[in-house]
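Please look over the sequence and the structure first, and then read on.

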Amino acid sequence: MTDPSALIPAPEFSRKVSADSVRRAPLTETIEANEQERKALAERFELESIGRLTAIIRLRATRGGSMIRVSGRLEAEVVQTCIITLDPVPAHVEDEFEALFAPESLIEDPGEEIDFDPTLSDADIPEPMQNNRIDIGELTAQHLSLALNPYPQVDGAAFEGFDDGPLDEEEAVPEEPEKPNPFAALQRLKPRD
């Protein structure tokens, strides 16, 4: 029988940190994707290229050392594709993010459920650590994908032939005939003074 986790491809930009080292003392890591990692991430996110991807990540133990709070700031130089002209659109991306990680046993074991407040943000709902490790590279990559412009456009690009004005006669929606008012007949029956 095949292990399901073996079917998941390895992250393109992986930088794992041991939770035990963070429990001993807060940790700050500066990470940068190399050329091969940037090329693989560009393919994953359907970008023309990623010229640079760096992040400063801070990790600290919280909730009595059982969980790890991760906060980060990423910067990237990317080239997206214009949704109108398909021309390259260079962009500078910056984003700040937070996440909370907990051992898998605290998340999966129903006997040790953590009570979650529905008003908590996503950054307060813990993600599982894999083998007591946190992949801050993959976390950075995920937040890069969320920070990208979903509709990149070259300056001045516009849809050709698209007009917000009135429809052509052929495309015009026929007007519905006015329906008679059912109370009009009653109005005629009403005595006049």
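## Salt bridges

The count of salt bridges comes to nine, a salt bridge being a side-chain nitrogen of Lys or Arg within 4 Å of a carboxyl oxygen of Asp or Glu. One of them joins the side chains of R15 and E37, at 2.7 Å from N to O; this pair links distant parts of the chain, with R15 in the segment before β1 (16-18) and E37 in helix α2, 22 residues apart. E37 counts as buried because its relative accessible area is 12%, whereas R15, at 24%, counts as partly exposed; here buried means under 20% relative accessible area, exposed over 50%, and partly exposed in between, with a 1.4 Å probe and protein chains only.

A salt bridge within a helix is the one between D20 and R23, at 3.0 Å from N to O, whose residues both lie in α1, three residues apart, about one turn of the helix. R52 forms a salt bridge with E77, the closest N and O atoms being 3.5 Å apart, and this pair links distant parts of the chain, from strand β3 to strand β4, 25 residues apart.

## How the model is described

The model is predicted, with local features requiring pLDDT of at least 70 and side-chain atom pairs counting only at pLDDT 80 or more, while totals for chains, interfaces and linings use all residues. Residues are numbered from 1 along each chain as its sequence is written, and side-chain values use heavy atoms, with hydrogens and water left out.

## Overall arrangement

The protein chain has five helices and seven strands, where helices (H or I, at least four residues) and strands (E, at least two) are DSSP runs numbered from the N terminus. Along the sequence these elements follow the pattern β-α-β-α-β-β-β-α-β-β-α-α. Of the 193 residues in the protein chain, 28% are buried.

## The sheet and its helices

Five strands form an open sheet in the order β2-β3-β4-β5-β6, with mixed pairing, strands being paired if DSSP finds at least two bridges between them. Its edge strands are β2 (27-32) and β6 (127-128), each of which pairs on one side only. β4 and β5 pair in the antiparallel sense over 14 bridges.

α4 packs on the sheet, touching β2, β3, β4 and β5, and its direction makes about 130 degrees with that of β5; axes are lines fitted to C-alpha atoms, for helices over the stretch in contact, and angles run from 0 to 180 degrees between N-to-C directions. T140 has its place in helix α4 and counts as buried because its relative accessibility is 0%. Leaving aside neighbours within four places in sequence, T140 is in contact (heavy atoms within 4.5 Å) with F13, I31, L53, A55, I57, L74 and F97.

## The nonpolar core

A nonpolar core is a set of buried Ala, Val, Leu, Ile, Met, Phe, Trp, Tyr and Cys residues joined through side-chain atoms within 4.5 Å. The largest nonpolar core holds 31 residues, of which L59 and L144 touch the most other members. The elements giving two or more residues to this core are α1 (19-24), α2 (35-44), β3 (49-62), β4 (67-81), β5 (88-102) and α4 (136-147). Apart from neighbours within four places in sequence, L144 is in contact with F45, I50, L53, L74, A76 and V93.
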